[in-house]
Amino acid sequence: ANAASSEKTKPILSVNPTADKKVHRLPSNHMPLLGRERETSLLMDIFQKNGIRILTIVGPPGVGKTTLALQVAENLYNQFADGAILVNLASVEQPDRVLAVLAESLGIEETSISPSMLVLQSFLEKKELLIVMDNFEQVLSAAPQLLDIISYARGVKIIATSREALQIPGE
């Protein structure tokens, strides 16, 4: 009986066949980055330091946060064995949907009642992946969930764009 009950607590995943291959889910048609070479270089240097797992690009609307994040991600893509993805949160209004949108972006479909965090942790545990979380300002209260992900998935790094800082440790 104990073995059966412990099996029920494990997440059951249905993974898109391409989810286990190196992914490049960054838009190829993003605007060219002009005059931001210094910022790009600085952000890459900061992000590549040991211990830096979450980098947030903060600024008002229209200053090019997304373009800068995508350029940095594109430049760092080859340093991640499992690739890089963009998670666009522009249409997400409820913070509790962030994990589901991330799972969707990774090609994961939950097939059990297990919480999204367990599913994501199980999937990302051994991955080396760069995740760009765009438009995080709408779901700021979900920021602590990013810490839960990176504390479990040591090879995952996150670049977030937001109008406000996420105000989480290590940002």
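## Salt bridge between Glu137 and Arg163

Glutamate 137 and arginine 163 form a salt bridge, with the closest N and O atoms 3.7 Å apart; the term requires a side-chain nitrogen of Lys or Arg within 4 Å of a carboxyl oxygen of Asp or Glu. A search of the whole structure finds 1 salt bridge. The pair links distant parts of the chain, 26 residues apart: glutamate 137 lies in the loop between strand E6 (129–134) and H6, and arginine 163 in the segment after strand E7 (156–162). Helices (H or I, at least four residues) and strands (E, at least two) are DSSP runs, numbered from the N terminus.

Glutamate 137 is buried, at 16% relative accessible area, whereas arginine 163 is partly exposed, at 47%. Buried means under 20% relative accessible area, exposed over 50%, and partly exposed in between (1.4 Å probe, protein chains only).

## Basis of the values

The model is predicted: local features need pLDDT of at least 70, side-chain atom pairs count only at pLDDT 80 or more, and totals for chains, interfaces and linings use all residues. Residues are numbered from 1 along each chain as its sequence is written, and side-chain values use heavy atoms, with hydrogens and water left out.

## Packing of H5 and H6

Helix H5 (residues 116–124) packs against helix H6 (residues 143–152) at an angle of about 35°, and their axes are 9 Å apart. Axes are lines fitted to C-alpha atoms, for helices over the stretch in contact, and angles run from 0 to 180 degrees between N-to-C directions. The crossing is right-handed, that is, the near helix is turned clockwise from the far one by less than a right angle.

On the H5 side, Met117, Leu120, Gln121, Ser122 and Leu124 meet Gln145, Asp148, Ile149 and Tyr152 of H6. Contact means heavy atoms within 4.5 Å.

## Buried side of H6

In H6 the buried residues are Ala143, Leu146, Ile149 and Ile150. They cover an arc of only 100° around the axis, which puts them on the same side of H6; the arc is that of the directions from the helix axis to the C-beta atoms. The elements covering these residues include strand E3 (54–58), helix H4 (98–106), H5, E6 and E7.

## Ile159 in strand E7

Isoleucine 159 belongs to strand E7 and is buried, at 0% relative accessibility. Beyond its neighbours within four places in sequence, isoleucine 159 is in contact with residues including Phe47, Leu55, Ile57, Ala73 and Val132. Alanine 73 is 86 residues from isoleucine 159 in sequence, and 8.0 Å away in space, C-alpha to C-alpha.
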